[in-house]
Amino acid sequence: MAASQRDISVSEFFAKNRHLLGFDNPRKALLTTIKEAVDNSLDACEEAGLLPEIWVHVEATETNRYKVGVQDNGPGIVKRQIPLIFGKLLYGSKFHRLRMSRGQQGIGISAAGMYGVLTTGKPVKISSKISKRKPIHYYEIQIDTKKNKPEILNGRGDGVDIPAGTKGEAWMTKHGIEWIARYGEDPTDANAKEVVSGTRVTIELEAKYQRRRGSVDEYLEQTAIANPHVTIHYVDPDGGYRSYNRSTDTLPAEPKEIKPHPYGVELGRLIAMLKASEASTMSQFLTSSFSRVSPAVARKLCTAAEIKVRASTRRIGRGEADRLYQAIQQTKISAPKTDCIAPIGEELLLKGLHQVVPGEFYVASTRPPSVYRGNPFQIEVALAYGGTTVAQRVTRETLVELIQQTDLRTLRQFLIHTFDGLGSGSAENILKETELGTRKSPAKLKAKEIDQLHEAMQNVKLGEGQTMNVLRYANRVPLQFQPAACAITQSVLNANWRPYGLSQSRGSLPTGPVTLMIHMASVWVPFTSESKEAVASYPEIQKELRLAIQAVGRKLGMYLRRRVRVRQEGERRSIFLRYLGEVATAVSEINAADRSTLYNQLLVLAKKKTAEADVKLDRRGRPIEEELDLGDNVLIVDPNEVADNLTTS
Amino acid sequence: MAKKKIRRKKVVATKAAVKRSRLGPRDRKTIQELVGMADRVVSTARRRRDPHLDIPTRSLSNVKFNRRKRFIEMGNNTNRRLLFNLSQAKSYMQTMLVGSGCKQLIEQGKNTSIRGLYYMLKHTIEGTKENTFEEQSDCDPIIEDVEVFLGSLREELHLYADKRGEMVGNLQLEDNGDLIDCSRMGSGGYGIPSIVEPSAIKFKKCRAKFVLHVEKGTVWQRFNEDKFWRKHNCILTHGAGQPPRGVRRLLNRIHNELDLPIFCLLDNDPWGYYIYSVIKQGSINLAYESQRMAIPKARYIGLRSKDYERCNLSPSVRIDLNDNDRKRARQIAGYPWFEHKKAWQKEIAMMLKNNFKLEVESLISKDISYVTEQYVPDRLTDKDWLD
C-alpha cells in the first residue's frame with residue numbers, strides 16, 4: 001500500500017478530470033479552447049495598451065478533429081516564457097494579484113494544449129513576435145503530464161527563430177506555419193498594414209463543431225458585444241468568413257492592482273497576514289497591507305480593538321487578532337478604490353449591444369462598485385428590446401445547415417433548442433403557419449418545406465411568445481453554460497418583470513423580444529467551478545444585480561408604457577373609422593338620410609376627436625412622444641432603421 | 001362601393017313608401033321612434049357634436065319598488081353611449097344596426113326570432129376581419145337596449161324570443177285566428193307563444209277558477225297526466241325555469257282580464273324564490289315591462305322550508321346549499337319587496353338554517369302522485385301560502 005502512494009501532478013489530475021476545466025465533451029472542448037486562447041489574447045493586448053484584433057480560424061482536419069488557430073496583435077511573448085505559458089499548468093501572472101482580468105489561474109490555455117495532445121497526439125504550435133524587426137519565435141510543444149513541464153519538440157528542444165521579412169515568410173509557407181502578417185480581409189494584399197507583433201497558438205484537438213446555442217459563433221458574437229473595442233475575424237470550419245468590427249477606438253481604462261480590503265479578510269487570513277508582515281507597528285501594518293486604511297482609520301481600528309497603535313505586529317496574539325477582526329467589522333471603512341475595475345460603461349454597453357443585437361430600444365445601467373468579501377466588483381446591465389430575433393435573422397443557407405446538423409427528432413424541438421429565446425409558443429406558431437406537423441422529423445424536410453419553414457420563421461410575430469435572452473458576462477467573458485446555477489440568471493428570474501411591461505410566469509424568465517446583458521466585473525469573480533461557467537451567489541452580488549436589473553427594468557417599463565399609449569391613440573382612430581361606415585349605413589337605412597354626407601361628417605368628427613393621436617404619429621412620421629425623459633443611458637432606434645440595417649447587412 | 005350602398009338605400013326607401021300606408025298605428029309609432037333616433041345622429045353630426053344615446057340603465061341600481069303598485073319600476077338613470085368612445089364605439093354601431101334591422105322587419109310586416117335578427121345583422125365589417133356581432137350573446141343585450149331606449153315592446157319591434165312554457169286547462173282562446181281549446185291538448189299542452197298581446201291572442205271561454213304555475217316541464221307533466229286541472233278546474237302552466245316574457249304576459253292577462261288568482265309551485269331554493277319574485281314584481285332587467293308583466297297578487301304555495309318535516313320526507317332528497325345559494329338567499333331576503341314581509345324572512349331564514357334545499361320532485365319519494373293528490377289540494381284548502 002505504502003509503496004503505491006506517490007505525488008500526483010496537477011497535470012495528471014486535470015488530464016483525468018478534464019470536465020473540471022470545461023472539456024467534458026467534444027463540442028465544449030472546441031469552445032473552451034477558443035475561449036481560453038481569445039481571453040488570453042485580449043488580456044495581453046489590453047495590458048500592453050494595444051487595440052485588440054483577433055483572428056480565429058477553425059478548420060476540420062479529419063472527422064471529429066479540428067485545428068484551431070487564434071492569433072492576436074498583442075505584444076508577443078519573450079522567447080524564454082513561451083514554453084512555460086503554454087506547456088505548464090498553473091503558470092501565470094494573474095493568480096497572485098488582485099486585479100480585474102479575464103483569465104485568473106493560468107490553467108486555461110495549457111490545459112487546452114494538453115487536451116489537444118491527449119486526443120490527437122499533435123503538439124501545440126506557438127508563434128510569437130515582439131516587434132517589427134524581431135524574429136518570430138516558433139515552438140512545437142507538448143506537456144509532460146507527470147512532471148507538469150513543457151516538452152519542446154522542434155529545433156532540438158529549443159524552438160526555431162524565423163527572421164522577419166520576406167525570407168521568413170517564404171520559410172513559413174514552406175513549412176506550413178500559419179501567420180497572419182497583415183491587417184484587412186485579404187492577407188496577400190501587400191499594401192495593408194503589417195501586423196508587427198502578436199502571438200498565434202494552433203491546437204489540433206478532437207472536437208465537434210455546432211452552431212447556435214453554446215457554440216463558438218455565439219461566444220464570439222457575445223464577446224464582441226461586451227468588448228466594443230475589439231475586432232474579431234472569424235473563419236468557421238465551412239470556410240465562411242465573418243468579422244465583428246470595433247465600434248470604439250478607446251481601450252477600457254487599465255485596471256489597477258489593489259491590496260485586499262479589510263472587510264473581505266477572514267480571521268485566519270488576518271492572522272497569517274500579521275505573521276507574514278514586515279511592518280513593525282500595527283498602524284504600519286494596517287495601512288500598508290490593506291486598501292482604504294489611512295492612519296486615521298488604523299488608529300480607529302486599534303482603539304476599537306484595544307490594541308496600541310504602535311504595538312509590534314509580532315506581539316499580536318490570537319485574542320487581539322480576534323478583537324481586531326471584530327473592530328474591522330464594526331468600523332465604517334470606505335469601499336475599495338474602484339479603479340481596479342474597468343466597467344464597460346453605459347455608453348459602450350449601448351454601442352456594443354446595438355452593434356450586434358438589433359432592436360428599437362436600448363438601456364444600460366452601470367452600478368457603482370460594491371464589495372463582496374473585500375473584493376470590489378461592479379455590476380452592469382444592458383437591455384435591448386424589440387427588433388428581430390435570431391430565428392428571424394437566419395438565412396436559408398444557415399437554416400439548411402442547421403437542419404442537417406441537428407440530431408433532434410421533431411421540428412418543434414429543433415426550433416426550441418436551436419434558436420435562443422424561441423419559446424414553445426412561438427415554435428407552435430411557426431409550425432402552424434407552415435402547416436407542417438409538430439412531430440415531423442427535421443431530417444426529412446423537403447426543399448420546398450424548408451422554404452416554407454424559412455418564410456414562416458421570418459413572418460410569424462415571435463416577439464410575444466419568445467423568452468428573454470440573457471447574456472451573462474464575467475470580466476467581459478461570456479458565460480454560456482450552467483445558466484441555472486448562476487447568480488445572474490437567478491436574479492433575472494427572481495426579479496418581477498410584470499411592472500416593467502413584460503409578461504412572466506412564476507419562476508421562469510419573462511417573455512418578450514428582449515435581450516438582457518449582465519456583466520460582472522471584479523478583481524476576483526467567484527465562479528462556482530474551475531470551468532468558469534457560473535457566478536456564485538453572494539448576498540452582496542445578488543443585491544447589486546437586483547438593483548441594476550431594476551434600473552433598466554424601470555426604463556423599459558417607461559418606454560413600453562409610452563409605446564402602448566401611442567399605439568392606443570392610433571388604434572382608437574382606426575376603431576372609430578372601422579365603425580363609422582356601419583353607423584352611417586344603418587342610420588341612412590332608418591331615416592333615408594344621405595349616407596355619404598353623414599359619413600363625411602362623422603369622419604370629420606372622428607379626426608377631430610383623435611387629433612391628439614395625429615400629432616404624435618405624424619411628427620417625423622412615426623410614433624413619438626417628446627415629453628418622455630428617460631435619461632442619457634438610453635438609446636432609441638427608429639424601427640424602420642432596424643429593418644434597413646438588416647437588409648444591408 | 002358608396003354608389004352601391006346609395007342605390008340599396010333608395011330601394012328600401014321606395015319600398016318603405018309603398019308599405020307605410022299599410023302599417024298599423026302601433027307600427028307607425030315604432031317607426032317614428034326609430035327615425036327619431038336616426039335623425040338625432042344626423043343632426044348631432046351636422047352640429048359637430050358627439051353622437052350619443054342615453055339608454056336607461058337596466059340594473060338593480062336603477063329600479064324602484066313601487067309600494068303602491070307593488071311592482072318594480074325602472075328609475076330615471078341613463079347610461080350615455082358615445083360613438084367616439086373606445087369601449088362604446090362598437091356597441092353604438094350595433095345599436096344602430098339593430099334599429100335598422102327592426103325597421104326593415106316592421107316595414108315588411110314580418111316577425112323574426114332574436115336569433116334571426118342576429119343573423120340578419122351579422123356581417124363582416126368592410127376592410128376588416130371583424131364581424132358586426134360575434135355571437136348572439138353580443139346581440140341580445142343590444143336588443144333590450146333598443147327596447148328600453150325606444151320605450152317599445154319587443155313585439156312592437158317585430159321580434160320574439162324562443163318560445164318556452166306550456167299551458168293546459170279549461171280555457172278556450174283564439175291564437176291568430178285559430179280557435180284553441182286548452183282542455184284538449186293531449187299530453188303535450190299548448191305551447192305558449194312569445195307574443196301573446198290581445199292582437200294575437202284573444203280569450204274566448206274560461207271556466208277555470210284559478211291558475212297553477214309550476215316551475216318545470218317535468219312537474220307540469222305530472223299534473224297534466226293526473227288531470228289535476230280537470231279535477232280542480234284550473235289552468236296549468238309552466239315556464240321551464242325562469243318563465244319567458246310570453247308566459248309572464250299571458251299569466252298577467254289571465255289574472256287581469258279573466259280575474260283568476262295565480263298560484264306558484266316552485267322549488268324551495270333561492271332560484272325558486274326569485275322566479276316567484278319575477279312573476280310577482282317583475283324582473284330587474286326588464287323593469288320597464290313590469291306594468292304589463294307583474295302580478296302583485298301571485299301566491300307562493302310551495303315548496304316550503306318546513307315541508308321536510310311537515311311531509312316527513314326522507315333525508316336522501318335534501319340537497320346541500322352551496323356558498324352561492326347562501327349568498328343569493330341573503331341577497332333576495334334584502335330586496336325591498338321581501339324586506340318587510342315577515343313570513344318571507346322567516347321562510348328564507350329557515351332554509352338557511354336547514355342548510356338544504358328541496359325540489360318539487362322530491363315529493364315523489366312519498367308517492368308518485370303525492371304532489372297532485374295531497375300536497376297542492378291540502379295547501380289550497382288550508383289556504384296555506386305565502387304572499
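**A walk through chain B**

Reply: Helix H2 of chain B has 22 residues (25–46), which at 1.5 Å a residue should span 32 Å, and its end C-alpha atoms are 31 Å apart, so the two agree. The expected span is 1.5 Å times one less than the number of residues. Helices here are DSSP runs of H or I with at least four residues, strands are runs of E with at least two, and they're numbered from the N terminus.

Before we go on: this is a predicted model, where local features need pLDDT of at least 70 and side-chain atom pairs count only at pLDDT 80 or more, while totals for chains, interfaces and linings use all residues. Residues are numbered from 1 along each chain as its sequence is written, chains are lettered from A and ligands numbered from 1 in the order written, and side-chain values use heavy atoms, leaving out hydrogens and water.

Back to H2(B). Its buried residues (under 20% relative accessible area, with a 1.4 Å probe and protein chains only; exposed is over 50%, partly exposed in between) include Ile31(B), Leu34(B), Ala38(B) and Val42(B). An α-helix has 3.6 residues a turn, so residues three or four places apart point the same way. Just after H2(B), Arg48(B) takes a positive phi of about 60°.

Now for the sheet. Chain B has an open one of six strands with mixed pairing, in the order E10-E7-E13-E12-E14-E15; strands pair if DSSP finds at least two bridges between them. E10 (190–191) and E15 (299–302) of chain B are the edge strands, each pairing on one side only. E7 (166–169) and E13 (234–238) of chain B run antiparallel over four bridges, with Gly169(B) opposite Ile235(B).

Helix H8 (245–257) of chain B packs on this sheet, touching E7, E12, E13 and E14 of chain B, and its direction makes about 160° with that of E12(B). Helix H9 (270–281) of chain B packs on the sheet too, touching E12, E14 and E15 of chain B, at about 155° to E15(B). Axes are lines fitted to C-alpha atoms, for helices over the stretch in contact, and angles run from 0 to 180 degrees between N-to-C directions.

Lys280(B) sits in H9 of chain B; at 1% relative accessibility, Lys280(B) counts as buried. Beyond its neighbours within four places in sequence, the contacts (heavy atoms within 4.5 Å) of Lys280(B) include Arg70(B), Pro296(B) and Asp387(B).
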